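Here is a short briefing on a protein structure. Have the sequence and the 3D view open as you read.

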Amino acid sequence: MDHIVSGDILNEGDRIKPRKIKQAIVEIVSDSGEGAQKCGQSFGAISAKMGNGVWTVEIIPAEIQPPARSREGASGIRVRIGSDKVSNMGNYADLVIALNEQVLYGRIRQDAYNGNTLMFIENKWAKSEQESIRQQYSQALLEFKELGIQVVEIPMEEECLKLMPDPRKGKNMWILGLLCYMYDRDIPKAENQIRRIFKKKTDAVIDLNIKLLHAGYDWAREHLPLRYEVTPMDVDDDMVVMNGNEALSMGVMASGIELCSMYPITPATSVSHHLAENFERVGGIVHQAEDEIAAIGFAIGASFAGKPAVTVTSGPGLALKTEFIGLAVMAEIPLVIIDVQRGGPSTGLPTKVEQSDLLAAIYGEAGDAPKIVLAAATIEECFHFVVLARKLAESFRTPVILLSDANLATGVQPFPRPKIDPLWLTNPIDQSPWKDGAMPFEWDENTGTSKRPIPGQKGGMYTVTGLAHGQTGKVAYDPEINQASVESRSRKIASFQKSLKPPKINGDPEGDILLVGWGSTLGAIEEAVADARAEGLKVSSLHLRFLFPIVPGLVDIFKRFKKVITVEINYSDTLGNPMVTQENRRYAQLAWLLRAKTLMDIDCFSNVYGQPLNPEKVLKMIKRELKIENSEVNV
Amino acid sequence: MLVQTHELCSIPSLDHDYGMEDYGKGVARWCPGCGGHSILTTVQRVCKDMQYEPEKTVVVSGIGCSGRFPHYMGTYGFHGLHGRAFPVASGVKFRRPDLNVFVVTGDGDCCSIGAAHWVHAIRYNMKMVALLFDNGIYGLTKKQTSPTSPLGTHSNTHPRGSILPPINPIQTTLGLANVSFVAQTVDWNSAHLYATIRKAAEHPGLAFVRIVQRCPAFMRDLYGDIAVDPKNLILLSHENGINLKPKAREAFGRVIEHDPSNIHKAREHAEINNGIPIGLLYQNTNNARYDEYGAHNLGMGVEEKKKNLESLLDQYSTSNSVE
Ligand SMILES: Cc1ncc(C[n+]2csc(CCOP(=O)(O)OP(=O)(O)O)c2C)c(N)n1
Ligand code: SF4
């Protein structure tokens with residue numbers, strides 16, 4: 001970001017030609033309830049409509065309305081726009097616009113800014129009636145400047161007061177106007193965006209917000225000596241732009257699922273909000289159950305009766321659902337379970353990202369309960385993987401767990417508009433008479449799969465049971481039957497695994513380091529790998545979507561690298577920490593799984609700061625690792 | 001916001017004449033003398049008399065001795081998890097109004113581990129028959145105290161006698177929001193048992209029936225004396241209640257006239273503690289029904305779904321034409 005001095009901003013005029021840049025990272029932070037997210041989402045949406053790559057990450061405090069001006073209470077959003085596709089939140093912000101100075105402290109601690117960051121801060125606090133606030137304000141400005149950050153004070157309140165008596169609810173659109181000027185955004189698109197987000201409000205509200213937009217734009221034109229252009233891409237594809245939870249919801253609707261049975265839990269709830277708003281228009285319905293156990297039981301009941309169903313939850317809810325998941329495995333009832341992961345264990349970090357449910361998803365049930373576990377890596381996959389999950393659930397007569405996380409949930413990224421296949425939507429439940437003499441669990445000897453009778457089918461009457469049972473569905477008292485039926489259920493998973501292809505490698509098929517990731521870290525890992533390769537480092541990566549069963553061919557791929565390291569947002573012990581030894585070291589979850597699957601010495605890089613992964617941290621790790629290797633060679 | 005729709009129970013098929021054998025399967029494995037046997041036969045009789053199509057009938061149970069019930073029915077069955085019969089049954093019914101649904105649950109199943117679902121199932125008031133097999137003890141796991149065990153019950157978990165007063169399931173149910181049908185009967189009076197389940201099957205909502213059930217294996221003394229003579233029962237009688245033939249009526253020692261539309265009186269009768277009141281305590285056929293909401297938009301065609309999905313996608317499109 002270019003340097004400006006505070007004085008500049010008052011005299012510069014409109015004579016600035018936008019300077020071309022490849023990308024920009026902008027944050028808006030405030031107390032909660034000031035509309036920072038709405039502002040950032042709009043900025044992202046306008047940019048996406050202009051053809052830019054976009055990625056947004058919401059900054060969410062743990063409480064609905066934390067005390068004003070609190071350091072931990074930062075609520076806001078980061079928006080990264082680029083001339084190319086943007087796949088992650090990037091490293092340091094180029095510009096942060098803050099509605100008060102205190103919330104910036106939390107973000108500084110989270111390493112969001114560096115010496116190149118430009119800070120625009122609401123200046124009304126300098127004239128606060130409270131002495132303590134005035135002091136805090138001037139103190140903070142000093143501290144930020146000491147960090148090398150450029151601070152510019154902006155009269156947001158003062159300018160907005162010209163248009164409305166209480167700008168708390170209007171400043172965000174004024175800021176949007178400022179950003180539209182600074183990044184040369186299309187004003188008619190911005191106006192349309194305002195009409196869209198306030199579509200349930202009165203015309204007066206819409207007019208006022210459009211006025212605020214123009215006021216912010218005009219003020220910036222008068223006063224800011226900076227202007228950029230982030231050239232859009234040439235895309236022919238019709239694109240859609242939404243966040244991961246909206247994509248999950250749209251995926252549910254496109255998959256032909258007819259029922260979402262849920263219990264509210266952050267960060268999964270907004271999937272069901274979106275469904276509650278829209279599902280009935282496409283013939284579906286949301287059931288808010290009395291708890292997570294009832295939610296999955298209800299979904300299982302519906303699915304048993306031939307109506308495809310999904311239950312949506314997050315960690316604590318997944319824990320409660322385990323007994324029913326075991327039943328769905330045992331009784332072979334198709335079901336899609338979406339887990340939008342958050343920090344754990346227990347109530348953990350409800351609004352923060354973590355990837356700690358992998359092993360719980362795969363192995364969480366008591367008894368042997370193999371099922372399919374998938375993880376979406378992009379917003380686009382949030383959509384398509386629901387469609388896939390329903391298909392797999394029915395083809396293999398099994399529950400399928402689809403993992404997403406808090407980063408994908410609120411992240412926004414454009415992707416090619418899905419082409420809805422009418423076949424996804426057809427669901428005439430089979431009510432033709434059941435084949436004479438066929439058993440309800442007639443397991444195919446080679447694949448373990450079988451066809452299920454659905455209530456209403458004459459002659460198919462059977463009783464689902466969680467007790468051990470054979471092909472007839474009757475309670476098995478003979479131990480042979482149990483062995484055979486567990487084998488069949490396991491065989492189904494193996495036969496699905498046989499249909500999978502080895503994963504694609506990002507980079508060369510051999511080298512010094514192979515990074516292996518899963519879920520929302522895809523973009524950050526690939527960006528770090530690209531940066532490392534640009535520096536001549538022999539680094540590649542691959543990203544897993546199928547976690548259970550795991551894709552084939554991994555050993556062959558891993559063998560061609562000197563070191564394989566998983567990159568995950570979950571906990572692992574760090575060698576060198578007190579009490580940690582090679583023997584007792586706890587590995588990150590994917591690393592654990594891959595070590596067991598491949599018998600190879602796979603390392604991991606993981607942490608639980610509750611923050612999305614940024615490329616720079618990965619790049620640093622790569623460099624650290626390569627030095628270690630070199631020094632070993634030297635010894 | 002419930003949407004009034006067509007009658008949601010299935011219409012008996014005309015081209016069939018189902019007999020008792022169509023509703024049975026296998027040999028029930030309950031102890032000799034267990035109340036489960038007579039309840040099973042009675043439910044089969046009701047299904048036959050209602051001419052329910054076996055393939056359109058689903059019996060959902062939890063875990064316990066009672067949980068085995070669906071295995072002995074010739075219908076579809078769902079023997080699920082301990083305490084969780086209600087959510088499964090509700091899920092079955094929600095989008096399949098054409099199915100006849102029965103819930104079979106035990107006193108531990110319903111009033112202990114599944115208590116949350118019991119409360120909410122009553123409130124959902126979806127058309128189904130819920131049979132609480134209340135033997136006052138945990139049978140399947142061999143004699144532990146149940147929430148309905150009388151105070152002082154000697155069990156394997158309270159060998160010196162249970163220490164808390166029991167839950168009265170009908171009193172509790174009568175206190176729940178949107179309750180629409182509460183009846184009580186006993187396994188050993190087949191005429192009353194039949195009339196009760198029949199009335200329950202005809203109720204447009206969730207019909208909750210507590211069946212006082214004998215468990216000779218573990219609670220031989222609990223109803224041993226009472227069961228030998230109908231004089232020990234108190235019959236709640238009303239023209240809108242559960243009606244017995246005059247002959248059967250005469251056998252009861254005490255008869256109380258009780259109008260089942262009167263919930264306050266119902267609650268009073270539920271608390272009678274010097275005998276077992278049997279009959280219809282409460283019925284209201286006008287309550288909100290969640291199954292009607294669940295079925296309000298069934299059967300949308302693929303074309304329409306696709307059209308509406310595309311217009312939803314339009315809202316997210318970056319192309320200008322759809323601003
Ligand atoms: C989650 C779970 N906890 C405990 C059990 C063990 N269990 C099975 S049946 C039962 C109690 C049954 O008592 P009740 O519901 O009164 O039914 P009854 O056997 O008397 O018919 C228990 C505790 C179980 N199957 N599942
Ligand atoms: S233990 Fe009791 S309830 Fe269970 S089958 Fe035997 S008699 Fe019936």
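The model is predicted. In it, 68 residues of chain A are in contact with 59 residues of chain B. Chain A also holds an open sheet of 4 strands.

**Where the chains meet**

- Chain A and chain B bury about 5,700 Å² between them. Carbon and sulfur atoms account for 60% of that area.
- Polar contacts link 35 residue pairs between chain A and chain B, counting pairs with both residues at pLDDT 80 or more.
- Helix α11 of chain A, residues 292-304, gives the largest share of the side of chain A that touches chain B. Its share is 8 residues.
- That side of chain A is made up of 37 nonpolar, 17 polar and 14 charged residues.

**Salt bridges between the chains**

- Chain A and chain B have 4 salt bridges between them.
- One salt bridge joins the side chains of B:Arg95 and A:Glu258. The N to O distance there is 3.0 Å.

**Strands that pair across the chains**

- Strand β17 of chain A (residues 463-465) pairs with strand β2 of chain B (residues 76-79).
- The pairing is parallel and spans 3 bridges.
- Look for A:Val464, which stands opposite B:Phe78 in β2(B).

**The sheet in chain A**

- Which order do the 4 strands of the open sheet take? The order is β19-β18-β21-β22, with parallel pairing.
- Why is one side of β19 and of β22 left without a neighbour in the sheet? These strands of chain A, residues 539-544 and 603-606, stand at the edges, and each has a single partner strand, so one side of each has no neighbour in the sheet.
- Neighbouring strands of this sheet are turned against each other by 25° on average, direction ignored.
- Strand β18 of chain A (residues 511-518) runs parallel to β19(A), and 6 bridges join them.
- A:Trp518 has A:Leu544 in β19(A) as its bridge partner.

**Helices on the sheet**

- Helix α18 of chain A (residues 522-534) packs on the sheet. Helix α18 touches β18, β19 and β21 (561-568) of chain A.
- The direction of helix α18 makes about 165° with that of β19(A).
- Helix α20 of chain A (residues 589-598) lies across β18, β19, β21 and β22 of chain A. Helix α20 runs at about 140° to β21(A).

Key:
Residues numbered from 1 in each chain as written. Chains lettered and ligands numbered in written order. Predicted model: local features only at pLDDT ≥ 70, side-chain atom pairs only at ≥ 80, totals over all residues. Heavy atoms only, no water. Contact = heavy atoms within 4.5 Å. Buried area = accessible area lost by both parts, 1.4 Å probe. Polar contact = N/O pair within 3.5 Å; in protein donor to acceptor, adjacent residues only side chain to side chain. Helix = DSSP H or I, 4+ residues; strand = E, 2+ residues; numbered from the N terminus. Nonpolar A, V, L, I, M, F, W, Y, C, P; charged D, E, K, R; others polar. Pairing = 2+ DSSP bridges. Axes fitted to C-alpha atoms, helices over the stretch in contact; angles between N-to-C directions.
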